[in-house]
Amino acid sequence: MDILVQTLADGLVIGAFYSLIALGYTMVFGIIKLLNFAHGDLYMLGAFVGYSLLSMISGSGAGLMGIIVVLLLTMVIVGAIGMGIERVAYRPLLLAPRLSILITALGVSLFLENGSMIAWGAQYQVYPVQLSHDGWNVLGAQITYTQMGLVLISALLMLGLHLFISRTLYGKAMRAIAHDQTACHLMGINVHKVIGLTFFIGASLAAGAGTMAGAYYGTVNFMMGFIIGLKAFTAAVLGGIGSIPGAMLGGLLLGMMETAGTFVFGGSWKDVVAFSLLILILVLKPTGIMGEKVTERM
């Protein structure tokens, strides 16, 4: 029982990170049908921006409020960078063949990775804060306050996104553009503005996950966004690419499955478990758990 509870707790933390990144994948795909493979690198960029901001205030003692302020600042900064990427790299290609914009996304990914390597170095950087390892013993498993806090913050961010999408004017515009972009143009909706906002939100969530992951694991590296970006894509496919609730569910499921696979097969097999799951989903149910079959009009 203690192993089951520990696996569940560890899997929820990792799954929460996957869910936040997968939301960006699924939002961008839902609105412009782009698999933004640079999205994982925004997670990495968020980790480094959080690292730099925390390094600035660590001398004066970064308390809980300081960490929260840094988290919010990082989300705003990287969100603005995400909007800039959309404006410069993607918007001119929205009417181009999909392969062109996909290749551009790969180019943006390489630019972010190498730019971060130049800015922060190729070696691992140690995060300037140490989170508490205190917690509760639940049925023989050690569940820390840090784990509970990270899952709670992730849940609040996901709840906020759900309320924004379902109850605000811009959220309705996003759903309308995902359904029929041409009709939205004709109805007077500023489509480019809404697409830019979508990139801002997706990049912000990825940056939040990056900052929390950096503080949780203790180190960051310029290549940390590559694998986790692919895993977040797996989570989005698992839940149903284009489905926001599906991205949340897919991330949590993937995190728990990966943690369970690590316990059964060993840590060196965790990536094998994740990508084997991706292959199975694509073969058995390509639409994912909550995805729907769509008919593309000619």
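Author: Rings of Phe, Tyr and Trp (its six-membered ring) pair if their centres lie within 6.5 Å; planes under 30 degrees apart count as stacked, over 60 as edge-to-face and the rest as tilted. The model is predicted, so local features need pLDDT of at least 70 and side-chain atom pairs pLDDT 80 or more, while totals for chains, interfaces and linings use all residues. Residues are numbered from 1 along each chain as its sequence is written, and side-chain values use heavy atoms, leaving out hydrogens and water.

Reader: How many aromatic pairs does this rule give?

Author: The count comes to 9 aromatic pairs.

Reader: What makes Phe 17 and Tyr 216 an edge-to-face pair?

Author: Their centres are 6.3 Å apart, with 70 degrees between the planes. The limits are within 6.5 Å and over 60 degrees, so the name applies. Phe 17 belongs to helix H1 (residues 2–32) and Tyr 216 to helix H8 (residues 191–217), 199 residues apart. Helices here are DSSP runs of H or I, at least four residues, numbered from the N terminus.

Reader: Why is Phe 17 called buried?

Author: Buried means under 20% relative accessible area, exposed over 50%, partly exposed in between (1.4 Å probe, protein chains only). Phe 17 has 1%, and is therefore buried. Tyr 216, at 25%, counts as partly exposed.

Reader: What makes Tyr 216 and Tyr 217 a pair?

Author: Their centres lie 5.1 Å apart and their planes 65 degrees, so this pair is edge-to-face too. Phe 17, Tyr 216 and Tyr 217 form one aromatic cluster.

Note on methods
Helix = DSSP H or I, 4+ residues; strand = E, 2+ residues; numbered from the N terminus.
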